[in-house]
Amino acid sequence: MRIVSGEEMYEADRFTMEEIGLSGVVLMENAGKALFEAMKGRIHKNERIAVLIGSGNNGGDGFVLARYLKDNGYNVDVWVIPPQSKLKGDAATHFGIYTSLSYEWNAYKGGEAFQQKLARYDVIIDCLLGLGISGVIRSPYDEVVQKVNESSAFIISVDLPSGLQANGGFEGDVQPIHADRTYTLQCPKLGAFLYPDADYYGELEVIDIGLPQHAFREALHRKLWHNSDVQRTLTDRTSSSHKGSHGKGLVIGGSRGMAGAPVMTTKAAYRSGAGLLQVAVPDDILSLVTSTMLEAMFQGWSSHNGTFSGAVSGDLSEFDGIAIGPGLGREVGCSMIVQVVLATEVPLVLDADALYHLKELKDEVKARKSPTILTPHPGEMARLTGCSIQDIQSRRFEISRSFAREYGVYLVLKGPYTIVTTPEGDQFVNTTGNPSLAKGGSGDVLTGMVLAFVMHSQSIQEGISNAVFVHGKSADTLVQTAHSTLDVLATDVIATIPAVLHSFLEQNHG
């Protein structure tokens, strides 16, 4: 499923109308009918419903939706917020169709009658602004939006909550519509995956309104990664598999006080299908970690005061993948280790303190020929780019795509709706996870999962996206069963990976 900007959605509409020949009136009819079909199972005929209509295409969709609701016996009041003279184009056409059926409507005018009746509605359907806003919410919409947000009704928005901009953000002091549910048309918009915007959408559902896929030829690089994508791409072991068939990996990390981080990375990698793993830690802490995991082979590398001194042991090129960073530390010797690893042409996953050192090693990153995977959280991304965290959060798609293409890396920008970006600029948005993952150790677990999935998947992107999905799904499973978002530990996530993988592989085998 593609994710589009406001400009891409307008272009898809234009292409469909001007180059394919489907009229705007037909598209609006399709949208209104599709909205009705989606809503009819969620609202009841004994509920009092208000449809709030603006002057643009969003309002035109509202006229069609209201017509279908009335045709099917729902108890609906229609409120037209702008003066009737402001209804233009396709919206005016559907207003004419609506009124030709002798269906009643209410003019907002000064708003007194609207405010008096607002409290009686059980459901309010927001067809006010949709994509058609730039700048602040203007009168009389600002008053309407404020009153709707103060009501106790169940609020449904069409396409996006009025007041939000499609690409994210809003302007002015008036808060956008705070919807309980949003039905977005054809494709979700960028802002639905950015915060604070996502909080205004409520539950999001995408409605197919019949736009041809060819109309979105400019929006091919941005997609959601769903359960079905994992089902389609997740690979199982064959009967002839051996431990070398699924990747020999190396985990480099740990320091005095952070000895557990590389251990969690390694456990997560084994739980995610890695065949054979070695763990390199400073020799000062080797005795602390060797008994923590019986399946792994541990190496002690030269250290100074509990961190790596900078000397590397053995031939790193013999590994199928290397993960570096969890618990690594920020000393000079650690930077030297990162530099040596960057010069080793094997698939490489860099997280945590390894990302700290990358700010001074960007030329080495750009020079690599083998896959390079970076997994920053917004703070780490801000350091890598020189942007503020606020910029990172408001421009997650744009900044991550630009960075991945410039440096030729796979970038995993973590957070709600983690974005996986390929070196070519294709972006895949994760749909799993919850706030329980906002806890120490979660990133270490994901690093191990990415290492394992990349080593045994048919494509790097599929491996990364599946690791991110299963990581979030494991947290979701915990919260949906015996845990809250407060008490989940990183080790709980590791322990839940088998159940999540089993559910996918069982479906495949079935």
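Guide: Two strands count as paired if DSSP finds at least two bridges between them; the model discussed here is a predicted one.

Visitor: How many bridges join strand β1 to β2?
Guide: Strand β1 spans residues 48-53 and runs parallel to β2, which is itself made of residues 75-80. Within this pairing, V51 has V78 as its bridge partner in β2. The cut-off for pairing is at least two bridges, and the number that joins β1 to β2 is six.

Visitor: How many residues of strand β2 are buried?
Guide: Buried stands for a relative accessible area under 20%. Strand β2 has six residues and is mostly covered, the number of buried residues being five.

Visitor: How many disulfides does the structure hold?
Guide: A disulfide requires two cysteine sulfur atoms within 2.5 Å. The sulfur of C127 has its closest cysteine sulfur in C187, at 19 Å, and is therefore too far away for a bond. Both residues are buried, C127 with a relative accessible area of 0% and C187 with one of 6%. The count of disulfides is zero.

Visitor: Are the rings of F36 and Y68 stacked, tilted or edge-to-face?
Guide: The structure holds 15 aromatic pairs, and one of them has the ring centres of F36 and Y68 5.9 Å apart. F36 belongs to helix α2 (residues 24-39) and Y68 to helix α3, so this pair ties together parts that are 32 residues apart in sequence. F36 is buried at 4% relative accessibility, and Y68 is buried at 17%. The planes meet at 25 degrees, under the limit of 30 degrees, so the pair counts as stacked.

Visitor: What kind of aromatic pair do W301 and F308 form?
Guide: W301 is buried with a relative accessible area of 0%, and F308 is buried with one of 1%. Their ring centres are 5.9 Å apart and their planes stand at 65 degrees. With the limit set at over 60 degrees, the pair is edge-to-face.

Visitor: Which residue lies over the face of Y356?
Guide: For a charge to sit over a ring, NZ of Lys or CZ of Arg must be within 6 Å of the ring centre. K45 lies over the face of Y74, at 5.6 Å from the ring centre. Over the face of Y356, at 4.0 Å from the ring centre, lies R383.

Visitor: Which strands stand at the edges of the sheet of 10 strands?
Guide: The sheet is open and its pairing mixed, with the order β8-β19-β18-β17-β16-β15-β14-β9-β10-β11. Its neighbouring strands are turned by 20 degrees against each other on average, direction ignored. Inside this order, β14 (residues 321-324) and β15 (residues 348-350) pair in the parallel sense over three bridges, where I324 stands opposite L350. The edge strands have a single partner each, so one side of each lacks a neighbour in the sheet, and these strands are β8 and β11.

Terms used:
Residues numbered from 1 in each chain as written. Predicted model: local features only at pLDDT ≥ 70, side-chain atom pairs only at ≥ 80, totals over all residues. Heavy atoms only, no water. Buried < 20%, exposed > 50% of the residue type's maximum accessible area, 1.4 Å probe, protein only. Helix = DSSP H or I, 4+ residues; strand = E, 2+ residues; numbered from the N terminus. Phe/Tyr/Trp six-rings, centres within 6.5 Å; stacked < 30°, edge-to-face > 60°. Lys NZ or Arg CZ within 6 Å of the ring centre and 35° of its normal. Axes fitted to C-alpha atoms, helices over the stretch in contact; angles between N-to-C directions.
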